[in-house]
Amino acid sequence: TKRLDGKVALCTAAGQGIGRKVAEAFLQAGAKVYASDRDAAKLDGLKAFGIVDTAALDVTDSDAVAAYLKRVDTPDILFNCAGFVHHGTVLDCDEDAWDFSFDLNVKAMHRTISALLPRMVEAGGGSIINMASAASSIKAAPNRYVYMATKAAVIGLTRSVAIDFIKSGIRSNAICPGTIESPSLEGRIEELGKSVGGTEKAKTMFIERQPMGRLGTPEEIAHLAVYLASDESRFTTGTTQVIDGGWSL
Ligand code: NAD
């Protein structure tokens, strides 16, 4: 038997990066996977991997999220992965940038959890896994003002759900990665490159801040997600799982 046999898993932002590898790992571990992403073009890759139920879904669209959640099976595993990295200090963040980051990084989790939780409780429980970051209340990183604020909020939200529904069989944990190879990281490296004298220099800076001397991989995050999703972690709830190559040491 496989580790997630008989379980239903739902993943947002599954089109690329960490979400993609986690959705794939859930499938390989035996789960029935519902995978969605805002970008419809990215769904082809999921289908090619063998994920049957793929959907174009923008998690900031409340009506679309509600309609989507109505049609899916009640998940045993809810992986809230969608998130955006805003670059800059408090002085670079206007109200629109603040609202956008909180809507996507935090409120989207409220949308899925509030809609699915009653059904998960009814079904006897489940595992909620929220994507936070080491850059949050755990570790300060330069130019991550609203990003850190949102990811700290994710940790609070995760722990609140954990304590309120612990008697109903719901577990709720946050994953807090360091720097992980992903398509959007390439974009952040290019962005930083503009101010530090080139992409190579910027890449070295991202790598050097990792004490292990390398970036993490989405597969490494997926191993943790499968563990948190499975019954192997049944005694674990309300935690912030730091997986950062020693960045926060
Ligand atoms: P990524 O940023 O490369 O890809 C994100 C995916 O989310 C894309 O497929 C995109 O189409 C989708 N998406 C964007 N907006 C969406 C929306 N409104 N609705 C639905 N989908 C949407 O992936 P990543 O870097 O692996 O990041 C995934 C998550 O992990 C994010 O929450 C991010 O903050 C978090 N994280 C990443 C790192 C890292 O170093 N890569 C570190 C810590 C935390």
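Reply: L10 has Y34 in β2 as its bridge partner. The model is a predicted one, in which local features need pLDDT of at least 70 and side-chain atom pairs count only at pLDDT 80 or more, while totals for chains, interfaces and linings use all residues. Residues are numbered from 1 along each chain as its sequence is written.

The names of the elements follow DSSP runs, numbered from the N terminus: helices are H or I runs of at least four residues, and strands are E runs of at least two. Strands β1 and β2 pair in the parallel sense, over four bridges; two strands pair if DSSP finds at least two bridges between them.

Strand β2 is largely enclosed by the rest of the structure, because six of its six residues are buried. A residue is buried if 20 or more other C-beta atoms lie within 10 Å of its own, exposed if 12 or fewer, and partly exposed in between, with C-beta atoms placed from the backbone. From β2, K32, Y34 and S36 point one way, whereas V33, A35 and D37 point the other way, and all are buried.

Helix α1 packs against both of these strands: its buried residues pack against β1 (8–11), β2 (32–37), α2 (43–49), β4 (77–80), α6 and α8 (218–229). Contact here requires that the C-beta atoms of two residues, placed from the backbone, lie within 7 Å. Eleven of the twelve residues of α1 are buried, so this helix, too, is largely enclosed by the rest of the structure. Among the buried residues are G17, R20, K21, E24 and F26. From its first C-alpha to its last, α1 reaches 17 Å, close to the 16 Å expected at 1.5 Å a residue; the expected span is 1.5 Å times one less than the number of residues. Just after α1, G30 takes a positive phi of about 105°.
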